[in-house]
Amino acid sequence: MPPSGSPETIVPPTRLPARSETGLPGGAVNRSESRRLLRLALPADPIVISVARHQVQRWLVGLSWPPDQLEDIVLAVSEAVSNAVEYAYLDQPRDVVEVHGGVEETPDEQRRVTVVVRDHGRWRPAPADTENRRRGIPLMRACMDTVTIGQPDDGRAGTWVVLRSRAVPPPVVGASDHRGDDQPY
Amino acid sequence: MGVVAAAPGGYGAEVQESAGGGAGGDRAGADLGPADEQLVRIETARVAGANSEALVVTVAGEIDLYTVGRLRAAVAAGFDQLRDGEGLVIDLTEVTFLSSQGLQALVDVTLAAQRRRQPLQIVVDHTRPVIRPVEVTGLDDVLALFNTVEDALHAAS
């Protein structure tokens, strides 16, 4: 079992999008509800980092997320996925990198997304190389409201990175409800 | 300004072929996303300004862990092709994504150029995909950034 991180790096389960928020699993999920969710499981291969970016972008466009904030979220997710692809499975067979996202309303009627990037490889309490420590983590922190790197709470191996976006205004009613389905990727 | 002489033999294409394929022979990703040559395109051409010539490495697309090797290879090849008095310009105007690996590559080639006492300029317009990660990490103080290739050539002359 890998060593435990310091308490502040362990993500309390309440910080994650709860299943009740994300609407999974089970039961009929209508289209407007399913559009609020992001569920990706990608092989930990360098080529999938671009796939993850485009999927996150499509998801956020479908949510009419403001472009500047959208790009920041895509950048942060890309760095987290890249880190997992590069370091999670160094000494073991490659497994998947999961990217799960959900939307929540804030008390002041704004909204934010939380994206969890998770691997099932070795626990990496600190970035494994100075390049990522110097650039990747600061990039994520600059782009998001909070970034928490921790161990999954279900006892399985791996690392998860919880990326919580800044709050943005609600979408304009009636604006571009289908744009997310028309993206070319 | 105009292109006076492309490097012989389709130089950029040669770099693409030799440096591509970060994922090795694993084509399982082929049906998941575009191949790396679709993610990034790099061309190198000799460009004449009013008072100077430069080798311009033009990059379009996404620079990340998968494609950064292509950028590094193209710039390294550009250094080898420089004539006396020429500078190297990396034009990132058409780059749509730049990751931490791309940032590090830009820092590394900038330091390499300084060691070789050869001018190296990086062209980024004000659009966010490139300037955002550069500014966030404070590298706008480290990299020689210009808004246009013309500006970069003018600075080099």
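Reader: Which helix does Ile137(A) lie in?
Author: Ile137(A) is part of helix H5 (residues 130–143) of chain A; helices are DSSP runs of H or I with at least four residues, numbered from the N terminus. This is a predicted model, where local features need pLDDT of at least 70, side-chain atom pairs count only at pLDDT 80 or more, and totals for chains, interfaces and linings use all residues. Residues are numbered from 1 along each chain as its sequence is written, while chains are lettered from A and ligands numbered from 1 in the order in which they are written.

Reader: Why does Ile137(A) count as partly exposed?
Author: A residue is buried with 20 or more other C-beta atoms within 10 Å of its own, exposed with 12 or fewer, and partly exposed in between, with C-beta atoms placed from the backbone. Ile137(A) has 19 such neighbours inside 10 Å, so it is partly exposed.

Reader: What makes up the contact of H4(A) and H5(B)?
Author: Asp68(A), Glu71(A) and Leu75(A) of H4(A) meet Arg128(B), Pro129(B), Arg132(B) and Pro133(B) of H5(B); contact needs C-beta atoms, placed from the backbone, within 7 Å.

Reader: Which residues touch the most other members of the largest nonpolar core?
Author: Those are Val77(A) and Val117(A), in a core of 82 residues. Such a core is a set of buried Ala, Val, Leu, Ile, Met, Phe, Trp, Tyr and Cys residues joined through C-beta atoms within 7 Å. H4(A) gives the largest share, 10 residues. Beyond neighbours within four places in sequence, Val77(A) is in contact with residues including Ala52(A), Val99(A) and Leu163(A).

Notes. Contact = placed C-beta atoms within 7 Å. Helix = DSSP H or I, 4+ residues; strand = E, 2+ residues; numbered from the N terminus.
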